[in-house]
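Please read the following alongside the sequence and the coordinates. The text goes from helix packing to sheets, then to domains and the contact of the chains.

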Amino acid sequence: MKQPYLLPDISQPGKIGCSLPALDVPPAALPPEELLRTELELPEVSEMELVRYFTALSRLNYGVDTGFYPLGSCTMKYNPKWHEDIAKFPGFTSIHPYQATETAQGALRLMFDLQALLTEITGMGVTSLAPMAGAQGELASLLMVKAYHHSRSNMMRRKILVPDTAHGTNPATASMCGFEINTVPSDSEGNLDMKRLESMMNEQVAALSLTIPSTLGLFDPQIITIGQLVHDKGGLLYGDGANLNSLLGKVKFGDLGFDCVQLNLHKTFSTPHGGGGPGSGPICAKPYLADFMPTPLVVNKAGKYSFTSPPKSIGRLGAAYGNFGVMVKAYAYIRSLGAAGLKEVSEGAVTSANYLKEKLKADYHLPYNRTCMHEVVFSGKRQKAKGAAILDIAKRLLDYGFHPPTIYFPLVVEEALMIEPTETESKKTLDAFIETMKEIAREVTEDLEALHTAPHNTSVRRLDEVTAARQPDLRWEVKSQRPG
Amino acid sequence: MPLPYFPNTEADRAAMLQDIGVSSADELFQDVPAKFNNVPFKLPSPLSELELKRELSELAVLNANSDEHACFLGGGYYRHFIPGVIGHLTGRSEFYTAYTPYQAEASQGMLQSIYEYQSLVCQLTGMGISNAGMYDGSTATAEAAMMARRITGKEEVTVLASVNPTYQRVLETYLSGQDIHLTRLESTRDSLAPESACLVIQQPNFFGCLENVETYSRQAHDAGARLVVIADPVFLGMYQSPAACGADIIVAEGQALGSPANFGGPGLGILTCRQEYLRQMPGRIVGRTVDVDGRPGYVLTIATREQHIRREQATSNICTNEALVALAATVYLAALGKSGLRRVAELCYHKAHYAAEGIRRLNGFSLVFPEPFFKEFVVRCPQAPDEINRALFQEKIIGGLDISHLRDNALLLCVTEMNTRQEIDKLVQILGGL
């Protein structure tokens with residue numbers, strides 16, 4: 001059968017995709033009929049059909065293992081296979097979060113050690129592994145900001161300053177935490193507009209939420225002054241650590257004036273993204289925020305590891321302790337690289353991005369012509385003027401076998417094309433990508449149609465998103481055939 | 001020694017730096033204040049694959065795992081059978097090394113899998129629509145409560161006292177952000193405040209008992225509130241869904257559907273609701289559409305609710321979710337199908353009742369709550385549950401959840417299809433011999 005069929009299309013009554021044991025105890029009386037389900041219309045497929053179906057689907061998907069994936073802001077680096085093996089040790093997977101801590105000392109020790117490693121890597125004072133993704137780490141951080149100010153009887157700080165280059169999660173999180181959001185503009189160099197920051201920073205501001213390097217891929221050289229300005233007015237500096245890959249093993253957030261930062265283990269620390277998750281978003285904070293950290297933290301008392309709840313904790317973020325399976329892989333990554341290896345990561349990532357910048361800046365407009373960090377943001381406005389939107393360029397890249405970079409973000413760059421090559425791509429791959437980008441730039445002049453109709457070689461071509469949103473088809477439905 | 005993660009040779013690197021026009025990579029860090037660049041990092045020396053695997057396998061064996069122990073522990077995370085086929089399919093690296101499927105044409109596999117996921121969990125819960133998943137059952141509950149607030153415009157959330165206490169803690173954390181008041185309801189006898197946006201209940205509840213969903217549904221709806229039900233997805237394989245009894249939003253922890261407990265993460269927050277609440281849903285949603293040639297395909301849709309489009313107006317800040325765990329749940333539900341899930345649920349039911357009956361007959365033990373229950377039940381023990389768990393552990397049994405802080409000497413036990421008759425008999429025998 002040709003794709004795309006769906007599970008109901010291959011379902012046939014009487015099939016099953018796995019075998020189950022017989023009942024080995026005397027049956028109990030079943031509950032009253034009216035409590036029981038009379039219909040449960042799940043598909044019925046054999047194991048082989050199931051394998052063929054999902055294998056076929058996997059082949060319609062592009063991952064880091066398939067090829068170059070320069071999706072800006074997402075740090076799509078290679079995920080070492082043997083880290084997956086370690087995470088699958090039964091001593092890590094088949095353990096219950098509520099079993100006695102003395103029977104899970106290995107897991108607690110790993111978490112304790114990871115807390116310490118991340119504290120050192122960020123130069124902060126304390127780390128919580130509880131957040132299950134970056135956005136939840138942001139949520140925890142801003143709840144801590146709120147709790148910190150409230151603990152000092154300061155209830156008037158209701159604003160969070162967010163740069164215009166920020167990830168969407170930053171304002172969304174501030175809003176979830178009950179804050180009002182004020183947007184700080186960038187200046188012509190791509191740095192934070194200091195004059196505007198000065199005028200906006202006052203006693204009503206709880207924190208400045210800052211990504212460094214910014215989503216423009218630029219390190220703001222005013223960072224120390226920014227921190228001082230915020231602190232002088234009694235605010236806190238919160239860091240979105242999504243772009244830590246550019247500073248790993250070289251620069252510490254703690255030195256730069258941050259009070260609290262959130263990390264993304266599924267970006268910087270090489271755990272796979274899983275097609276959208278699971279992630280892990282630890283937060284690292286200065287010692288004066290330690291009392292507000294989420295519950296629980298892992299502590300070591302005379303060689304015995306246990307969980308503890310900080311005295312003024314913002315509370316629990318989930319039913320357990322964070323995404324342990326992801327932590328194992330991140331831990332393996334740090335231990336396999338060491339300090340020198342981490343430095344090689346950031347230097348490699350920054351070298352790759354600057355190499356792309358130099359090689360492509362003649363072909364694509366570079367809005368900020370300065371040294372970039374781990375990613376480079378171009379503008380497709382020259383191509384746009386000739387009739388090719390950045391979306392067309394992205395779709396054309398698919399024809400050449402590359403996953404497109406992030407497009408239309410950050411919002412401050414017209415026709416933004418945000419390329420993050422990472423340190424795990426070879427010069428050969430980068431050169432092939434450069435050649436392709438140049439070829440596409442030529443096509444904009446010579447064969448615009450090829451761009452407008454791209455992609456041509458994918459399993460589907462451009463999809464009708466408008467109809468998808470106006471007439472939502474969000475599931476298949478199979479109703480019971482049974483009478484009544 | 002070169003490290004395997006870095007594909008470039010010294011010569012490659014030198015050539016790249018030359019083309020950039022610098023003599024070292026460090027020169028590219030010129031915007032970093034010099035004083036804070038190249039600071040020392042005190043980290044352990046790097047280890048090779050062989051060394052680190054050895055070290056971590058030694059750490060792993062310090063954990064008592066449920067492959068080598070009989071396990072009667074539940075309380076929100078459950079040990080159910082995981083068909084081998086799941087790992088082989090979620091292990092396809094085209095799935096697990098992909099990012100969120102923003103580029104639809106290169107992500108049809110994940111997008112279609114999520115569409116299957118949304119369909120399957122809707123079939124299971126009986127609700128109209130599902131999103132692509134949340135972090136875990138507890139945060140799905142918190143997001144459901146915030147949804148109810150947006151739907152009703154009311155400022156309070158009510159939770160039934162029999163809901164998993166940890167879930168209640170997570171609700172507190174999430175609601176504190178927007179200063180939403182959380183109140184507790186002890187039973188059907190109490191009335192719901194008119195300010196309440198929703199009533200949150202759990203089916204079966206934290207103590208394993210079945211709630212009368214219809215009664216709570218009436219109570220919630222009479223007060224103009226919505227009913228949020230936290231359900232056990234395996235329970236739904238056998239019992240009528242709360243959807244049939246008036247639930248407006250059904251959430252669940254999806255770990256039980258094909259994933260190991262993993263020390264509590266990653267899990268999967270299932271969130272399903274009535275179709276009319278679509279625009280208030282948090283998180284990603286996949287829709288089916290057609291391409292320019294009329295071929296069916298899948299895209300992320302209704303994104304105007306989400307943070308990357310709506311920023312501070314978004315329904316939630318969630319971005320990364322638990323896509324791979326959702327894929328495991330998708331394969332699980334398809335592998336078991338209608339008869340398999342029912343069978344798993346019935347195995348749990350019969351074995352749990354067999355265990356409860358055996359323990360109830362023991363001197364000094366009793367069941368704290370009357371029937372009906374599904375796979376979990378609370379026993380009152382003649383001594384501290386903590387001591388009992390220690391004694392069981394000596395015999396390679398991971399006992400129940402000590403809830404003596406909630407009820408005197410109470411132990412919450414869970415029995416699933418994974419527990420053999422032999423294990424159950426041994427449990428009863430040890431308890432009887434204490």
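In this predicted model, helix α5 (residues 105-122) of chain A packs against helix α10 (residues 324-360) of chain A. On the α5(A) side the residues that take part are A:A107, A:L110, A:M111, A:D113, A:L114 and A:L117. They meet A:F324, A:M327, A:V328, A:A330, A:Y331 and A:I334 in α10(A). Sorted by class, this contact holds eleven nonpolar residues, no polar ones and one charged residue. The two axes are 10 Å apart, and the angle between them is about 55°.

The crossing of α5(B) and α10(B) is left-handed. From α5(B), the residues B:M110, B:S113, B:I114, B:E116, B:Y117, B:L120 and B:L124 take part. Facing them in α10(B) are B:A323, B:A326, B:L327, B:A329, B:T330, B:L333 and B:A334. The contact of α5(B) with α10(B) is made up of eleven nonpolar, two polar and one charged residues.

The next topic is the sheets. Strands of a sheet pair through backbone hydrogen bonds, in either a parallel or an antiparallel sense. Chain B has an open sheet of seven strands with mixed pairing, in the order β2-β8-β7-β6-β5-β3-β4. At its edges stand β2 (129-130) and β4 (181-185) of chain B; each has a single partner strand, so one side of each is left without a neighbour in the sheet. For β4(B), strand β3 (residues 156-160) of chain B pairs with it in the parallel sense, over five bridges. B:L160 has B:L185 in β4(B) as its bridge partner. Helix α7 (residues 165-177) of chain B packs on this sheet and touches β3, β4 and β6 (226-231) of chain B. The direction of α7(B) makes about 175° with that of β3(B).

In chain A, three strands form an open sheet in the order β10-β12-β11, with antiparallel pairing. The edge strands are β10 (376-379) and β11 (406-407) of chain A, each pairing on one side only. Two bridges join β11(A) to strand β12 (residues 416-419) of chain A in the antiparallel sense. A:I407 has A:L417 in β12(A) as its bridge partner.

Elsewhere in chain A, strand β8 (residues 297-301) and strand β9 (residues 304-308) pair in the antiparallel sense over five bridges. A:V298 is bridged to A:F307 in β9(A). β8(A) and β9(A) form a hairpin with two residues between them. In the turn of this hairpin, A:A302 has a positive phi of about 50°.

The domain assignment divides chain A into domain 1 (7-58), domain 2 (82-337) and domain 3 (347-468). Domain 1 of chain A and domain 3 of chain A have C-alpha centres that lie 46 Å apart.

For chain B the assignment gives domain 1 (70-81 + 337-432) and domain 2 (85-330). The C-alpha centres of domain 1 of chain B and domain 2 of chain B are separated by 28 Å. Their contact involves 20 residues of domain 1 of chain B and 18 residues of domain 2 of chain B. On the domain 1 side, the elements that give two or more residues are α10 and β12 (376-380) of chain B. α10(B) gives the most to that side, with seven residues. By class, the domain 1 side has 14 nonpolar, two polar and four charged residues.

How values were computed:
Residues are numbered from 1 along each chain as its sequence is written. Chains are lettered from A and ligands numbered from 1 in the order in which they are written. This is a predicted model: local features need pLDDT of at least 70, side-chain atom pairs count only at pLDDT 80 or more; totals for chains, interfaces and linings use all residues. Domain bounds come from an automatic or database domain assignment. A crossing is left-handed if the near helix is turned anticlockwise from the far one by less than a right angle, and right-handed if clockwise. Helices (H or I, at least four residues) and strands (E, at least two) are DSSP runs, numbered from the N terminus. Two residues are in contact if their C-beta atoms, placed from the backbone, lie within 7 Å. Ala, Val, Leu, Ile, Met, Phe, Trp, Tyr, Cys and Pro count as nonpolar, Asp, Glu, Lys and Arg as charged, and the others, Gly among them, as polar. Two strands pair if DSSP finds at least two bridges between them. Axes are lines fitted to C-alpha atoms, for helices over the stretch in contact, and angles run from 0 to 180 degrees between N-to-C directions.
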